[in-house]
Structures are given as C-alpha cells and as structure tokens.
Amino acid sequence: LVAAGDRPVRLEAEAPGRGRPPEPSGRPAEAQAQAQLTFDLDAAPVAPAAAPSPGATPREMRSAAAATVPGALSYSQLAAYDRCAYRWYLERRLGLPRDARDPLLEAGRGREPDASPPVEGLDARLRGTMAHELLEELPFAAATVPDDASIRAVGARHELALTDAQVADLRALVAAFAGSALRERLAAAADVRREHGFVVTLGDEDAPLLTGIVDVLAFEDGGGSLVVDYKSDVIADGADLEAIVEAQYGAQRRIYALAALGAGAVDVEVAHLFLARPDAPAVAVYDRGDVERLRAELRARISGIVEGRFAPSPLPWRGLCAGCPGRRALCHHPPERTARPDPTAES
C-alpha cells in the first residue's frame, strides 16, 4: 500500500518472510580479507564497499554512507539500527556476514543468545514464531482454539517435538487472543487481511521507502481501519505497555499507520496486543491529519542512516554483540565489554 500524495494506491507484491532480508548471492571479498574469520552468510549487502579500518573517522563513514543510501528500509532494519548503528553498518551497508565462530554464540549452534528468557524451555523467538503461525490459521468468527495435534504439527514444522507444557503454553497464547475484544472486532470487519505486506513513502523522493508486514489489517464500516500486531513477550506485572510499545515499536506503529491511511482509511487504530495481557492492548489512533507529522517523525528516525551516523552502541553486551562481524576486530569496545551480561539488568 503506497500513499502517493493524496491519492491512495494499492501495491500488490510478494512480501518476504517476516523481517528476514533476502539471501546474498556471494561473500564480499573485502569482508574476507579484512576480518579473516569463517562466517555464515546471514545478511544481504546493499552494495559492496571497502570495509572500514578500526580507526575509521566519522567523516569517512558518512562519505561511504552517502554513496549507498538504501532505496527501502523495513521497520526491523530500523530497530536493528537503533540497537547498534555500527553493527547495522557492517552487516547491512557493507554486507559483512555474521561471525559464526564467535565464542559468544550459544553452544556453537550459531545462534545469538536471546535477550528474553525461554518460556517452558522454549526459545522466546521460536515461541513467538509458532504463536504467530497458529494465530494466522485462527478463524476470527469461530475463534476455535487449536487442539493438541494441530499445535504439535506446527512444532514439527520447526523440527521440534513439543512437550505437554509447551503445547499448553502455546494454546494459552492463542486462547488469549480468541477471547479478546479485538478478535470480535476483526470478526465483524468488512475486509480483513492477514500477513499483509506494504510499502509507504515519506513524501520525499530522496527518502527510502519503508516496508513491512502487518499481522492483521482490517477495514471497518465507516471508513476506519484497525491494525493488530501480536506480541508474545513475557510481561512483568504492572508493566506500562504503552511505554514498552513506544520505546521498542514506535517506528513500527507509525509505519503501520501510514500504510493504512495511504490505503484510503479515514482513521486507523494501531493495536499492539500482548497475549499475556489481552484485555489491555496498547493502542494509538491516527487520522489523515497526522500524515505529515508521522512522516516527519519517521524521517527523523532514519536521518542517522541517511546522514551516515554509525557509532557503536554505548551499551554493548553479549545479547547485542554476539556474532557481530566487528566485535573481535573492528569495534572500539573491548571484547570483555561486549561479552558482559545485560548492563540494564545490573544492580
């Protein structure tokens, strides 16, 4: 869905998998020569460029960035940039692949440690993926919660034999949505689309397009729309869900809003539904009068990428830095600092 001026335009396109860049066709020679490590290819290079030296100046990095501003960015890329602009630069701009021999990677399995603890022994990201897959198949009108066999079948697709406790946990996540008021609204909506890919513009031909996939996009009677994004995060009692969404998913909710408004909606409610608290979604409401403000806020968020600001995160830790192609050779943080536990959890 593209907003072209004031004229809504529909864009139908195959959307790639959630948040995953396309596989690159090869390994940049500069990356091999610079780091001299064995890597797995896990990031798509935008355009090959000479790898920076450990002492590269901000001016040198800005000059390199100006030549390769991407034509499109996903909200997952924006989130990665916010986590560590330097890692984003190495992986996304230069195409340096992940360091598969980084000792921080979990038990040699080539996987970054998850910042979220496992639930019922299940990796948090895999748990969220399976919950989304189950919700994709949930009929909104009937709200039939899947049986054990259906849940185990989803686990089998991921080569995982789910335990009874894991099956019960995933069923509880789906049941939480099935019993929610948002599910009832989606069942009554005139037009509902799941896993819907979109593209939005920022009103500036020099700015990258912004892309994404929304869990559910619904158009309701009266010209309004509803966007629902499922979150399987473990939420502490008393947590401020609005503060969590604005801090972690602020760009995402704004991009979702522009997508729906660009498709012709009069207004849009963007609801982040934490399945642990299905009765209290974090909701932001926008109308067509908010379009220019939303565009300006998103232009500000991507300005660091466009202008070439790629400083390492001031709070490195193992969950952020594991597997980074620059951790052991290029980053100005010493290895012991990038290997420390989460500093925000330190007493």
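**Exercise 1.** State how many bridges join E7 to strand E8 (residues 224–231), and whether the two run parallel or antiparallel.

*Solution.* Step 1: 4 bridges join E7 to E8, and the direction is antiparallel. A strand here is a DSSP run of E with at least two residues, numbered from the N terminus, and two strands pair if DSSP finds at least two bridges between them.

The model is predicted, so local features need pLDDT of at least 70 and side-chain atom pairs pLDDT 80 or more, while totals for chains, interfaces and linings use all residues. Residues are numbered from 1 along each chain as its sequence is written, and side-chain values use heavy atoms, without hydrogens and water.

**Exercise 2.** Determine how E7 pairs with strand E6 (residues 191–200) and with strand E4 (residues 72–74).

*Solution.* Step 1: E6 and E7 are antiparallel, with 9 bridges. Step 2: within E7, Val214 faces His196 across the pairing. Step 3: E4 runs parallel to E7 and is joined to it by 3 bridges. Step 4: Leu210 in E7 stands opposite Leu73.

**Exercise 3.** Explain why strand E7 (residues 209–219) is described as largely enclosed by the rest of the structure.

*Solution.* Step 1: take buried as under 20% relative accessible area (1.4 Å probe, protein chains only), with exposed over 50% and partly exposed in between. Step 2: by this cut-off 9 of the 11 residues of E7 are buried, so the strand is largely enclosed by the rest of the structure.
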